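Subject: Structure handover

Hi,

Here is the structure I promised to pass on. Please have a look before reading my notes below.

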Amino acid sequence: IASLFALHPVSAQSGNMGRHFAQTQDPAEREQAVERRFSTLLAAHPDDLPFYLRQAVSYLKSKDVPINWHQLIRDIYNWDHPDRFVQHNWANAFWGYTAEE
């Protein structure tokens with residue numbers, strides 16, 4: 001996480017990676033490339049997670065989207081929980097995202 005923070009040291013106070021990815025899209029037009037990238041991240045095996053997280057952080061940096069680093073640390077710690085609640089939370093935040101007015 002420290003090396004990812006060095007790559008993109010802009011912090012958000014709330015949200016998770018699902019919410020952050022959702023912020024990169026126009027709510028009226030879901031981009032398939034972003035959805036594929038996010039789905040790949042969700043399905044990542046714990047051993048492959050560093051690679052996919054580096055790609056995700058680079059992508060969010062390119063879109064100027066801050067990251068909730070505190071939440072990301074907690075999520076990574078629980079990534080391989082049998083209930084997969086982290087992945088469910090991220091998916092809900094991404095596909096259930098509605099634009100703030």
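The notes below cover the overall fold first, then one residue.

Please keep in mind that this is a predicted model.

Overall fold

The chain has six helices and zero strands. Read along the sequence, the pattern is α-α-α-α-α-α. The radius of gyration is 13 Å, close to the 13 Å that the globule rule gives for 101 residues, so the chain is as compact as a globular protein of that length. The C-alpha trace spans about 35 × 30 × 25 Å along its principal axes.

Of the contacts with a separation of 6 or more, 74% are between residues 24 or more positions apart. Buried residues account for 36% of the 101 residues.

Surface and charge

The accessible surface is about 6200 Å². Carbon and sulfur atoms contribute 49% of that surface. The chain carries 9 positive and 12 negative charges. Their mean positions lie 5 Å apart.

Residue N68

Where does N68 lie? It is in the loop between α4 (49-62) and α5 (69-77). Is N68 buried or exposed? Its relative accessibility is 8%, under the 20% cut-off, so N68 counts as buried.

Leaving out residues up to four places away in sequence, N68 touches A12, Q13, S14, G15 and H20. A polar atom of the N68 side chain also lies 3.1 Å from the backbone nitrogen of Q71. W95 is 27 residues from N68 along the chain, and the two C-alpha atoms are separated by 18 Å.

Best wishes

Conventions:
Residues numbered from 1 in each chain as written. Predicted model: local features only at pLDDT ≥ 70, side-chain atom pairs only at ≥ 80, totals over all residues. Heavy atoms only, no water. Helix = DSSP H or I, 4+ residues; strand = E, 2+ residues; numbered from the N terminus. Buried < 20%, exposed > 50% of the residue type's maximum accessible area, 1.4 Å probe, protein only. Contact = heavy atoms within 4.5 Å. Polar contact = N/O pair within 3.5 Å; in protein donor to acceptor, adjacent residues only side chain to side chain. Rg over C-alpha atoms; globule rule 2.2 N^0.38 Å. Areas by Shrake-Rupley, 256 points an atom, 1.4 Å probe, with all protein chains shown as cover. Lys, Arg positive; Asp, Glu negative; His and termini not counted. Charge placed at Lys NZ, Arg CZ, Asp CG, Glu CD.
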